[in-house]
Each structure stands twice: as C-alpha cells, then as structure tokens.
Amino acid sequence: LISDIIKKSVDFASITSNITCTLNIDSDLWPVEFDEGQISQVIFNIMNNAVYAMPEGGTIEVVAENFINREKRSKENLPLQEGKYIKISIKDQGAGISEENLFKIFDPYFSTKQKGSQKGTGLGLAICYSIITKHNGCITVDSEVGVGTTFNIYLPAAPLSMRAAPTA
C-alpha cells in the first residue's frame, strides 16, 4: 500500500534529525500502481531536503489524500489528464527556495548545497521528477523564502480493472 511506503520513508528520513513529522493519510486512499523502491526514494529525497532546510529543527507535515483532476480546474493547472490521483504533500518550515532558483530545482546537477561528499550532487530532485513522470504523475513545488516549501506529488489511481474485487 502507498500509505505504508509513505510512513516507512518518512520515519527513515526523520530518524536522525531534530525534526517533528506529522502524518495525515486518508484511510480510504485509492490504490496506486507503483514501484516501491522508486517511490520510497522520491519521498526520502524530498524529506531529506526538508530536513536540510531546517537545521534548527521544525515540523514537516506529510498529507496523502485522494484527488480528482478536472480539465477546467483553474487553481492547480496541472499537466495531468483528467482523472483520479493520489496527492502526497510534503511541507516544511525551512528557509524556502528563492524565486530565481525555483524554476531550476528539477534540473540535473542544480544544487544550492555545498558540493562534495555528503553535501549535494543536485541529482535528488531531478531523480524525483523523473520517477514521478515515469509513473504518469507530476510533481509541483510551492515555496516562500523564510516560510517554507511544499512539494506535491500526484500519482494516478489504479484503474478499476486493476483493483481487487470486493469480497462478499
């Protein structure tokens, strides 16, 4: 289940930090077809960036919910087909991302972290983008300097034909 992967990845990413994590996962999430290792990596990478953005500590809020994308949806304007998705939001209270850097964060080798061992290669978010795109989803980011950053991951819900049949 996607909820289990979210919980495990969040726990693993926050185990050695002074960060508090809050999880709000809908109990009736639609099923999703996904590669467990790849989606774990996406959540871990985003969580790791959030931890890095809050060296003094803080709270990371993780929300997973059902989401219906409608063609005429004006608020989100997502590059997704109409349909049912799972939306995973990861929100930190970190330094935020400047406007000039915001459009580059998914570019390979772009990093605001120091280069070198255990610092930053600039591949984490590029890999996240690639994985989510290969899952026919999308990833967006909202950020405000001094306030924090929210990453939203949209993964398509499994078609009805792929879902387990109800038991009588």
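In this predicted model, helix H2 meets helix H4 through Gln38, Ile39, Gln41, Val42, Asn45, Ile46 and Asn49 on the H2 side and Gly124, Leu125, Ile127, Cys128, Ile131 and Ile132 on the H4 side.

**Packing of H2 and H4**
- Two packed helices are described by the angle between their axes and the distance between the axes.
- For H2 and H4 the packing angle is about 145 degrees, and the axes lie 9 Å apart.
- The crossing in which H2 passes H4 is left-handed.

**Ile131 within the helix pair**
- Ile131 belongs to helix H4, and it counts as buried because its relative accessibility is 7%, with under 20% as the cut-off.
- Once neighbours within four places in sequence are left aside, Ile131 is in contact with Gln38, Ile39, Gln41 and Val42.
- Between Ile131 and Ile39 the C-alpha to C-alpha distance is 7.5 Å, although the two are 92 residues apart in sequence.

- In soluble globular proteins, nonpolar side chains tend to be buried together.
- The largest nonpolar core has 36 residues, of which Ile6, Ile46, Ile60 and Ile88 touch the most other members.
- At least two residues of this core come from each of helix H1 (2–14), strand E1 (19–25), helix H2 (36–53), strand E2 (58–69), strand E3 (83–91), helix H4 (124–134), strand E4 (138–144) and strand E5 (148–156).
- With seven residues, H2 gives the most to this core.
- Ile6, when its neighbours within four places in sequence are set aside, is in contact with Leu23, Ile25, Ile43, Val62, Ala64 and Ile88.

**The chain as a whole**
- The protein chain contains four helices and five strands, and read from the N terminus its elements follow the order α-β-α-β-β-α-α-β-β.
- Among the 168 residues of the protein chain, 41% count as buried.
- Of the contacts in the protein chain with a separation of 6 or more, 69% are accounted for by residues 24 or more positions apart.
- The protein chain has an accessible surface of about 10000 Å², and carbon and sulfur atoms hold 50% of that surface.

Methods:
Residues numbered from 1 in each chain as written. Predicted model: local features only at pLDDT ≥ 70, side-chain atom pairs only at ≥ 80, totals over all residues. Heavy atoms only, no water. Core = buried A, V, L, I, M, F, W, Y, C linked by side-chain atoms within 4.5 Å. Buried < 20%, exposed > 50% of the residue type's maximum accessible area, 1.4 Å probe, protein only. Contact = heavy atoms within 4.5 Å. Areas by Shrake-Rupley, 256 points an atom, 1.4 Å probe, with all protein chains shown as cover. Axes fitted to C-alpha atoms, helices over the stretch in contact; angles between N-to-C directions. Left-handed = near helix turned anticlockwise from the far one by under 90°.
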